[in-house]
Amino acid sequence: MFRVKNPVFAHMTQSVNQLDTFNSELGKSIEQLYEVFAKYPLNLSMDGSPLFEEKIAQWNRLVAANPLRELSVDDLRIYHFKTMTTWGEVNDFKHFLPRIFELLAELPIDFDEWVALNKLNYGKYTSWPIPEQVAVQRFLMAFWKKLLQEPSDITDAYFEGYFPAIVNVYPHFEQLLNAWLEASNKHSTQRLAEYVFRNEDEVLKGRLTGYEEMPHQGKLFLKWLRKPAVLQKLKQATSSESHPYLNLELIPILQQLEKPL
């Protein structure tokens, strides 16, 4: 017997399948990090700033107490913040990088996303061997796509911090924006609308800020927002518990974006 597909059910199935795909790609990207950076051994005697001379030995024992894949957020909470600046060298960071990023993808409370990701810039990762750069960028893109589409209140709450943190280290901003436009579920639309609404003044001035300003990316973001397809995406935003009048509050912003340059 021929049956007509329920369009709502079909859309829900498509969204679930997309999320499964993104989670699978994220998992594969994390495994690639472990493989590529496996050549960097644990250093049991990492040096540190003289300011922490009395604590370094204890800290070194803490991060060596368990196998890399079993280290917890608590084990790496101090290290992820101090690595390379006041504790250890670049190769030490490379040893811990896969686990730090694996934990970061779980949106932990005790990790600072900007600090954790900006360690890539501090360690000048764009000068690392090509396979290492490729693995890092694959993870960042997979993580970004999960942030766009994952149906999670925690992701909603943290998105505004993770967006600029990833932009700050990912070298191809246009690719991030393309992924956002291609994302088809309601979560990506809501996160775009809420980000633009909460950061209206900066966005309309062509600014994108985290802990540091990113003027080039800010101008590209504003230009991207003016595209008809992106404006249409913004118009599809609906009210939410945190923003009950979002669709109405966006109207003056949309009017600004639709003005000819």
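How many aromatic pairs does the count come to? The count comes to 25 aromatic pairs. The model is a predicted one.

**Aromatic residues**

One of these pairs joins Trp144 and Trp180. The arrangement is edge-to-face, with 85 degrees between the planes and 5.3 Å from centre to centre. The pair links distant parts of the chain. Trp144 belongs to helix H6 (residues 130-149), and Trp180 belongs to helix H8 (residues 173-182). The two are 36 residues apart. Are these two tryptophans, Trp144 and Trp180, buried or exposed? Both Trp144 and Trp180 are buried.

The two also belong to one aromatic cluster.

**Lysines over rings**

| Lysine | Ring | Distance to ring centre |
|---|---|---|
| Lys94 | Trp128 | 4.5 Å |
| Lys119 | Tyr122 | 6.0 Å |

For Lys94, the charged end sits over the ring of Trp128. Lys119 lies over the face of Tyr122.

**Positive phi in two loops**

Leu107 is not a glycine, yet its phi is positive, at about 55 degrees. Where is Leu107 placed? Leu107 is in the loop between helix H4 (90-104) and helix H5 (113-122). Its relative accessible area is 8%. Buried means under 20%, so Leu107 counts as buried.

Lys124 is another residue other than glycine with a positive phi, near 55 degrees. Lys124 is found in the loop between H5 and H6. Its relative accessibility is 59%. The cut-off for exposed is over 50%, so Lys124 counts as exposed.

**Helix H14**

Which residues of helix H14 are buried? In H14 (residues 251-258), the buried residues are Ile253, Leu254 and Leu257. They lie on the same side of H14, because they cover an arc of only 100 degrees around the axis.

What do the buried residues of H14 pack against? Their partners are helices H9 (186-198), H10 (200-204), H11 (215-225), H12 (228-235) and H13 (246-249).

How values were computed. Residues numbered from 1 in each chain as written. Predicted model: local features only at pLDDT ≥ 70, side-chain atom pairs only at ≥ 80, totals over all residues. Heavy atoms only, no water. Buried < 20%, exposed > 50% of the residue type's maximum accessible area, 1.4 Å probe, protein only. Helix = DSSP H or I, 4+ residues; strand = E, 2+ residues; numbered from the N terminus. Arc of directions from axis to C-beta. Contact = heavy atoms within 4.5 Å. Phe/Tyr/Trp six-rings, centres within 6.5 Å; stacked < 30°, edge-to-face > 60°. Lys NZ or Arg CZ within 6 Å of the ring centre and 35° of its normal.
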